[in-house]
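Please open the structure in a viewer and keep the selection tool at hand. The stops below move from one selection to the next.

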Amino acid sequence: MIRHIVLFTWKDDATDEQRAAVTAELGKLPGVIPQLRSFTVGGDAGINQGNHDYAVVADFDNVDDYLIYRDHPQHQAVIVEHIRPILASRAAVQLKL
């Protein structure tokens with residue numbers, strides 16, 4: 001299994017509407033990318049200072065399934081249209097479980 005974890009920090013001027021659109025658009029991906037075995041997205045709970053603002057955790061059966069997700073046109077559209085315009089920084093890792 002491959003677990004894909006991404007952390008985002010938003011630009012200071014990112015609006016609530018833009019942040020909500022990221023969640024809404026990412027939420028559509030499990031319906032169009034069957035290779036997603038588990039998909040969790042959401043904003044930081046605000047418990048600790050200095051955390052990233054947002055996280056994506058996605059599980060796949062294998063590397064090939066992850067690559068299908070990574071390169072999927074709808075996933076790429078969410079990145080280009082909704083994430084990049086408000087993105088200050090990004091960190092990611094793929095774990096073999």
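**A tour by selection**

Begin with Asp71, which is partly exposed, its relative accessible area being 45%. This is a predicted model.

The structure holds four salt bridges. For another of them, select Arg3 and Asp59, whose closest N and O atoms are 2.7 Å apart. This pair links distant parts of the chain, since Arg3 lies in strand 1 and Asp59 in strand 3, 56 residues apart. Are the two partners buried or exposed? Arg3 counts as partly exposed at 28% relative accessibility, whereas Asp59 counts as buried at 8%; the cut-off for buried is under 20% relative accessible area.

A further salt bridge is found by selecting Glu25 and Lys28, with the closest N and O atoms 3.0 Å apart. Lys28 counts as partly exposed, at 43% relative accessibility.

Strand 1 runs antiparallel to strand 3, and seven bridges join the two. Strand 2 (residues 38-43) also pairs with strand 3 in the antiparallel sense, over six bridges. Which residue of strand 3 is the bridge partner of His4? The partner is Ala58. Phe39 also stands opposite Ala58.

Now turn to the largest nonpolar core, which has 21 residues; Leu26 and Tyr69 touch the most other members. Two or more residues of this core come from each of strand 1 (2-10), helix 1 (16-26), strand 3 (54-60), helix 3 (63-71) and helix 4 (73-83). In soluble globular proteins, nonpolar side chains tend to be buried together.

Centre the view on Tyr69 and display its contacts. Leaving aside residues up to four places away in sequence, Tyr69 touches His4, Leu29, Ile33, Leu36, Phe39, Val56, Phe60 and His75. Among these contacts are His4 and Phe39; in the strand pairing, His4 is the bridge partner of Ala58 and Phe39 stands opposite Ala58.

Leu95 is found in strand 4 (residues 87-96). This residue is partly exposed, with a relative accessible area of 33%.

How values were computed. Residues numbered from 1 in each chain as written. Predicted model: local features only at pLDDT ≥ 70, side-chain atom pairs only at ≥ 80, totals over all residues. Heavy atoms only, no water. Core = buried A, V, L, I, M, F, W, Y, C linked by side-chain atoms within 4.5 Å. Buried < 20%, exposed > 50% of the residue type's maximum accessible area, 1.4 Å probe, protein only. Helix = DSSP H or I, 4+ residues; strand = E, 2+ residues; numbered from the N terminus. Contact = heavy atoms within 4.5 Å. Pairing = 2+ DSSP bridges. Salt bridge = Lys/Arg side-chain N within 4 Å of Asp/Glu carboxyl O.
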